Amino acid sequence: MKPGKEAITCPFDFSEALEFDPSLAALMARESLTRIRLPYGEADAWLVTGFEGVRQVTTDQRFSRAGIIGSDYPRLTPEPIVSPESINVMDPPHSSRLRHLASQAFTPRHVEEMRHTIAGLADTLLDEMAAQDQPADLVRYLSNPFPQQTIFDLLSIPRSDWPRMQEYVHQLLATGPDSRHTAAAAKAELRAYFLDLVEQRRRSPGKDLISALAAAKEGDDTFSDEELAVMALTLTLSGQDTATCQISNIAYLLLTRPELMEHLRQRPETLTDVLNELLRYIPFRKGVGIPRVAREDVEMDGVRIRAGDFVHVSYLTANRDPERYPEPHTIDPDRAGAPHMTFGWGGHRCIAVPLAMAELEVAIGLLLERFPGLRLAIPPQEVRWDTETIRRFPIELPVTW
């Protein structure tokens, strides 16, 4: 076994359009696992970059998400984003139980019912954009409001509360060194808000997602109020975070690569496949997410990971693994459907993938259908990009049609 290595400092602060982070590319090129040092946390971590290695870590119960609770684990944000009670930091069988209950709210029938609501929201937003003077900002009129309104509407959060919810989410995802206190306060406010909302829905259920989750049961097993509040918080974060970024990122790629736009116009039936290829390709965040901790010594790639060591995986590098995807840095709209890791893998793959895909299919499908002459109104190099959070996305996309 190779001895422990000196850690490489990895700020993972690269924000240049949708170019792949060169520091991640360099880590991919190394022969085995690498010790990395992140901006926050008291310890170093191992980084796993290859598809098969990431698959092993995310499915091997010797690596525990729950084991990080109570530790100052290595991360990119001053305040840990995830709540200790979240399903994202549970291990089987506890996580399996909650995932099974939650999946009852995301059956094909429920998602199809949601799709009607989603399409109505998207149409209204695109009506508003169409009524504006040109150029209009696609981020302002579609990418930002659409996922937020979708998850808020599905959770039946009163419209009067939407602005403050949006602010809490932004505060929680910030990476600046001075944002820790604000982020912690935002997370506490969100948890308290959803706990109160859960109690209301228990007393008076409706047709919203919280009521559906509250009604989910397996025998006598149901969500507790606290579990359901944290689940709602998790859906709010992931629902806005992922879809907001990806609608903007996908639109940017289509606007700057006319051949992709033309492919979808000529073959609209390939929309889902093309979206999955774009999701594989897009570096949707900076660096890494939530680590795991080794429960026991594990040997990987000629390295001994010691019990208690933190282990990070990179879904971004796994999605660009040349052993998994031929010419991985190329967007191939006809690529055979090898599953990607953008929504995670194994026991912590995003529960709401059916909802996320429905949002992307509706948003991009309607955008192309309703604006056949859609084009970017400024040179691509003038597009401004987010630099304040762990996400990668354009701040604005001025378009004409």
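In the predicted model, the axes of helix α6 (residues 145-154) and helix α14 (residues 353-370) come within 11 Å and cross at roughly 135°. The two helices are therefore oblique to each other, and their crossing is right-handed. On the side of α6, the contact is made by F146, P147, T150, I151 and L154, and on the side of α14 by L355, E359, V362 and A363. Of the residues in this contact, seven are nonpolar, one is polar and one is charged.

Elsewhere in the model, six strands form an open sheet with mixed pairing, in the order β1-β2-β3-β9-β6-β4. Strands β1 (8-9) and β4 (63-64) stand at the edges with a single partner strand each, so that one side of each lacks a neighbour in the sheet. In general, the strands of a sheet pair through backbone hydrogen bonds, in either a parallel or an antiparallel sense. Both senses occur here, as the pairing of the sheet is mixed.

Strand β9 (residues 310-313) lies between β3 and β6 in the strand order. With strand β3 (residues 45-48), β9 pairs in the parallel sense over four bridges, and L47 stands opposite H312 of β9. With strand β6 (residues 292-294), β9 runs antiparallel, and two bridges join the two strands; here the bridge partner of R292 is V311 in β9. The residues of β9 point in two directions: F310 and H312 one way, V311 and V313 the other. All four of these residues are buried. Helix α2 (residues 51-59) lies across β3, β4, β6 and β9, and runs at about 130° to β9.

A further strand, β7 (residues 298-300), contains M300. This residue has a relative accessibility of 3% and therefore counts as buried, the cut-off being under 20%. Apart from its neighbours within four places in sequence, M300 is in contact with L33, V48, G53, Q56, V57, F63 and I305. V48 falls within the residue range of β3, and F63 within that of the edge strand β4. G53, Q56 and V57, also among the contacts of M300, fall within the range of helix α2.

How values were computed:
Residues are numbered from 1 along each chain as its sequence is written. This is a predicted model: local features need pLDDT of at least 70, side-chain atom pairs count only at pLDDT 80 or more; totals for chains, interfaces and linings use all residues. Side-chain values use heavy atoms; hydrogens and water are left out. Buried means under 20% relative accessible area, exposed over 50%, partly exposed in between (1.4 Å probe, protein chains only). Two strands pair if DSSP finds at least two bridges between them. Axes are lines fitted to C-alpha atoms, for helices over the stretch in contact, and angles run from 0 to 180 degrees between N-to-C directions. Angles under 35 degrees count as roughly parallel, over 145 as roughly antiparallel, 65 to 115 as roughly perpendicular and the rest as oblique. A crossing is left-handed if the near helix is turned anticlockwise from the far one by less than a right angle, and right-handed if clockwise. Contact means heavy atoms within 4.5 Å. Ala, Val, Leu, Ile, Met, Phe, Trp, Tyr, Cys and Pro count as nonpolar, Asp, Glu, Lys and Arg as charged, and the others, Gly among them, as polar.
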